[in-house]
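Visitor: I am new to this structure and would like a close look at a single part. Please take me through a sheet and what surrounds it.

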Amino acid sequence: MEFDDSLSASMDDFADNTQDLEIPDELPMMAVRDVVVFNYMIIPLFVGRSGSISAVNDAMNGDKLLMLVTQKDATKDDPAPEDVYQIGMVSMIMRTLKLPDGRLKVLVQALSKAEIQSYTQKDPHFRVQINLLEEEEPKSISVETEALMRTVREQTEKIMSLRGILSSDLMMIINNIEEPGRLADLVGSNLRLKIAESQKILETSDTVKRLRLVAELLNKEMEVAAVQAKIQSDAKEEMSRSQREYFLREQMQALKKELGDDDAYGQEIEGLRKKLKKKKMPKHARKEARKELKRLEMMHPDASEANIIRTYIDWILDLPWKKSSKDRLDLKLAAKVLDEDHYGLEKVKERILEFLAVRKLNKNSKGPILCFVGPPGVGKTSLGQAVARAMGRKFYRLSLGGMRDEAEIRGHRRTYIGAMPGRILQGLKNVKTNNPVFMMDEIDKIGADYRGDPSSALLEVLDPEQNGTFSDHYMNMPFDLSRVMFITTANRSDTIPGPLMDRMEVIRLAGYTLEEKMIIARRYLLPRQIIENGIKTRQIKLDDKTLQLIISQYTHEAGVRNLERELGKICRKAARKIAEGGKGPYTISKNTLEKYLGPPRFIPDAELDTLMQPGLAIGLAWTEVGGELLHIETSILPGKGKLILTGQLGDVMKESAQAALTYCRSRSKQLGVKAGYFETIDIHIHVPAGAIPKDGPSAGITMTTALYSAIVKKTLKKGVAMTGEVTLRGRVLPIGGLKEKALAALRAGIDRIIIPHENEKDLVEIPEELRKQISFFPVKHMDDVIELALGRLKKTGRKRRPVKAK
């Protein structure tokens with residue numbers, strides 16, 4: 001807190017001379033920056049803006065009175081009326097001086113507080129209509145007010161004493177002021193406050209409240225001043241102690257040298273220098289390491305920064321700048337390894353072998369950025385391990401699920417306590433090579449908050465054109481990630497940010513058929529569970545029919561995670577029997593299966609047909625855990641034309657239901673109903689599993705077919721499912737996730753699927769084995785769907801046949 005003795009002392013001299021001054025209602029206005037002018041205050045101002053100079057000249061040509069208000073934002077050079085506070089001070093210009101650079105130096109005295117009522121002129125400067133705000137000091141000082149004034153005087157004296165600027169003349173002026181308002185203005189004008197806080201003091205009209213506000217700010221300022229003084233004192237003591245310790249330690253080192261004792265710190269520095277000489281690294285990294293090593297050598301070993309520098313040098317020496325593992329470029333051997341670890345997944349295996357072929361022909365090729373998208377349990381993570389094994393590379397896995405801090409990718413800056421590199425460089429340090437298979441799991445579940453957006457940081461990591469110069473905040477130097485083979489995994493691709501998705505080559509893993517699951521269980525899952533549970537292969541017998549029952553009646557998934565869990569349960573129960581003295585072998589058959597796994601959890605495929613009745617249609621939906629069957633039920637009730645939708649349907653599905661109703665109303669003749677029929681009924685569409693939210697456009701034709709079936713009271717053909725979006729005019733639009741939906745249909749024993757005509761091209765993505773078991777019927781219009789599902793319409797005059805993918 002600083003006071004200007006000469007300006008403060010002159011307040012009383014001017015106060016009496018301005019009592020009888022008549023202030024007009026309209027004055028030129030000038031905005032000031034970084035200062036709030038208080039009553040009775042005399043202050044020099046430097047005026048440089050053209051509008052402000054014009055306002056000063058206008059005042060000098062008149063009665064030298066000027067309205068001074070403070071800007072809300074000091075950075076604005078041309079403030080508008082809304083950029084200034086409305087309450088300010090009417091001030092008199094006492095003296096002006098023109099400076100060589102064209103600016104004016106103006107000495108002003110604040111006369112009276114006023115509020116702007118309106119702006120009468122804006123160019124070349126503001127002129128305003130004002131209303132004077134009169135303040136009356138209390139006629140008598142209460143005991144409470146007197147105590148408050150004494151507190152303010154004492155706190156002011158303490159703050160000046162703490163800062164070493166105590167002045168007896170200034171304290172005499174403060175002690176002689178008997179008005180609470182003037183004391184508040186004098187002290188408040190000299191506190192180091194923010195503009196908003198100073199303006200709040202100025203706008204407080206009650207003098208006692210204003211003084212109380214100043215007292216609160218003085219308390220805060222006194223606490224800050226006390227802490228500041230303590231910090232300065234502690235820093236001075238610490239500096240003296242450190243200098244003394246440094247001198248004594250230098251003497252001890254000199255004595256040890258004379259006595260022939262080993263210099264441990266010097267040996268440590270020399271060891272780091274030898275490591276640096278042997279380590280292969282780029283020139284910029286070696287240069288930085290030498291610079292930091294020189295700083296460490298000149299520093300005392302017990303200095304706080306020495307440990308930070310030492311850790312940084314260790315990181316430079318531990319990173320695999322130029323250390324690579326040798327790729328296994330034998331394509332036949334790599335294909336054999338991939339087949340040993342995983343069954344199926346031909347696309348992924350083909351892509352890995354293509355990369356190895358390119359690597360064999362061009363050793364400087366960049367690593368691919370692959371993204372495995374598929375439901376849980378299809379082997380995305382284990383496939384990454386198999387890729388590393390096939391290529392002869394190290395493997396590192398990083399889970400991104402729930403990550404919200406950008407520093408997890410880029411690291412923390414060394415200025416922070418406990419700073420360290422990001423997880424990318426940590427992984428490379430762990431595997432000790434610069435070309436591992438680096439798997440990033442759950443990339444679709446990255447979060448973002450006030451600490452940054454990790455997905456934005458990954459844009460550089462997963463871009464082959466940029467990751468050759470990846471810069472970690474901790475290392476603060478480029479590191480080449482172009483030799484790393486990045487593989488990411490996700491359950492769904494729609495939650496991955498677009499720019500990040502654009503940098504990756506997406507390979508979709510839809511799921512496994514029943515036959516594939518049986519082969520996987522025989523080759524991989526069952527042998528692994530037998531070993532993990534400590535039993536022998538000959539002690540447990542499981543035939544194919546029983547295994548098929550386990551897959552169809554105890555699991556309902558695209559992958560094989562739950563299947564392995566069920567097999568593990570069987571092996572554990574067998575292990576308990578053996579541990580209790582049983583010898584086995586234990587045969588698990590259809591009759592004994594319930595003793596091991598309990599009753600079946602899912603309806604057998606053969607029973608689905610018994611559920612069919614008019615108004616029920618089976619649709620196919622895509623979820624992040626694979627394809628699912630969607631049973632849509634429709635009932636016709638006497639009513640007044642209402643459409644009731646239940647089952648936690650999303651907005652898109654509700655719109656599909658409206659489109660279905662419109663289509664059916666447009667087909668009244670084909671339905672054989674009278675005009676006005678739909679105004680006499682209520683239609684209730686329900687999708688079971690009401691606790692689960694559902695949405696998406698692909699249930700459009702299913703809803704329409706279910707409604708059509710309910711109106712004509714005819715059951716759909718057996719073993720038929722469908723998927724597709726419908727328009728008001730009955731056009732069938734394409735959908736996504738066809739392979740996942742086909743697998744779901746196959747699991748449920750459905751062998752006929754109606755699909756949009758534009759999805760016919762996607763049939764090539766479906767395995768040939770699956771295409772042999774399911775017939776696909778492409779349709780262009782809703783009339784075709786009704787003809788196939790109900791055999792109701794006969795406009796085509798021909799029998800529709802399923803298509804086969806070429």
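**A sheet and its surroundings**

Guide: Helix α16 (residues 423-431) lies across β8 and β9, and its direction makes an angle of about 155 degrees with that of β8. This is a predicted model. The two strands under discussion are joined by five bridges: β8 and strand β9 (residues 437-441) run parallel. One of the residue pairs is Phe395 with Val437, the latter being the bridge partner in β9.

Strands of a sheet pair through backbone hydrogen bonds, either parallel or antiparallel. Here the pairing is parallel, in an open sheet of five strands with the order β8-β9-β12-β7-β13. At the edges are β8 (395-399) and β13 (505-508), each of which pairs on one side only. From one strand to the next, the twist averages 20 degrees.

A pair of helices can be described as well. The axes of helix α12 (residues 331-341) and helix α14 (residues 380-391) come within 8 Å and cross at roughly 150 degrees. An angle over 145 degrees counts as roughly antiparallel, and α12 and α14 are therefore roughly antiparallel to each other. Their crossing is right-handed. On the α12 side, the contact is made by Ala334, Val337, Leu338, Glu340 and Asp341; α14 contributes Ala386, Val387, Arg389 and Ala390. Of the residues in this contact between α12 and α14, six are nonpolar, three are charged and none is polar.

Notes. Residues are numbered from 1 along each chain as its sequence is written. This is a predicted model: local features need pLDDT of at least 70, side-chain atom pairs count only at pLDDT 80 or more; totals for chains, interfaces and linings use all residues. Side-chain values use heavy atoms; hydrogens and water are left out. Axes are lines fitted to C-alpha atoms, for helices over the stretch in contact, and angles run from 0 to 180 degrees between N-to-C directions. Helices (H or I, at least four residues) and strands (E, at least two) are DSSP runs, numbered from the N terminus. Angles under 35 degrees count as roughly parallel, over 145 as roughly antiparallel, 65 to 115 as roughly perpendicular and the rest as oblique. A crossing is left-handed if the near helix is turned anticlockwise from the far one by less than a right angle, and right-handed if clockwise. Contact means heavy atoms within 4.5 Å. Ala, Val, Leu, Ile, Met, Phe, Trp, Tyr, Cys and Pro count as nonpolar, Asp, Glu, Lys and Arg as charged, and the others, Gly among them, as polar. Two strands pair if DSSP finds at least two bridges between them.
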